[in-house]
Amino acid sequence: PEILAQDTALYLTIAARLVVPPVLPFNFVPAAGDFVTLLGELHEAAGGVLALDDLVARATRLQGLAARLEGVRAAAAASVPARPRGKTAARIARLNRGLMRLSRILNPVLYTVEGPYHHDPALQVPLLPGLQRVRALARLDPASDAYGFLRTRLVRERNRVADALQAAIEHVEELLATVG
């Protein structure tokens, strides 16, 4: 049984090294580009009833930082040995933790309506689903209750996106300072 356990551990280690790269393959440049594109479209669709231009500026800043981060990530992935040790292992661990944290900052606003404490419906939703109703706001009568309620919800969602983008920018800047 001991030899079988050792062999199993050895084969598991070999298989893990083949399928799990030392550096996570997370590239945030496309996600940042999605933010820039979608926020620009939604800003235009809002027709001035809800300003999103500052979010476009933040998303553009994030896109530049994401490109720098991807350069660091790709270089690390290309040069890291299969079993990093010492300072290299610590740097890779910091980079991987940073990439995971960044995904946890951006994904909720990009893919969910309700946020981290509620379940979204099991339906296909567009990117930035919480802001998509800005298109309807531009068509409502500003004096109506429907307009007021929807605008309030959209302002809250706008703030959620703004907070996520700012947190992502600050996180990437810190990550680049420590691993870049």
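Student: What is the relative accessibility of Arg61, and how does Arg61 count on that basis?

Tutor: Arg61 has 42% relative accessibility and counts as partly exposed; the term covers values between buried (under 20% relative accessible area) and exposed (over 50%), with a 1.4 Å probe and protein chains only. This is a predicted model, in which local features need pLDDT of at least 70 and side-chain atom pairs count only at pLDDT 80 or more, while totals for chains, interfaces and linings use all residues. Residues are numbered from 1 along each chain as its sequence is written, and side-chain values use heavy atoms, with hydrogens and water left out.

The side chain of Arg61 forms a salt bridge with that of Glu173, at 2.4 Å from N to O. This pair joins distant parts of the chain, since Arg61 lies in helix 3 and Glu173 in helix 6, 112 residues apart. Helices are DSSP runs (H or I, at least four residues), numbered from the N terminus. Glu173 is also partly exposed, at 34%.

A salt bridge here requires a side-chain nitrogen of Lys or Arg within 4 Å of a carboxyl oxygen of Asp or Glu, and the count by this rule is four. Among them is Arg158 with Asp54, whose closest N and O atoms are 2.4 Å apart. Again distant parts are linked: Arg158 belongs to helix 6 (residues 145-179) and Asp54 to helix 3 (residues 53-79), 104 residues apart. Arg158 is buried at 14%, whereas Asp54 is partly exposed at 29%.

Another salt bridge pairs Glu70 with Arg73 at 2.9 Å. Both residues lie in helix 3, three residues or about one turn apart, and both are buried.

Key. Helices (H or I, at least four residues) and strands (E, at least two) are DSSP runs, numbered from the N terminus.
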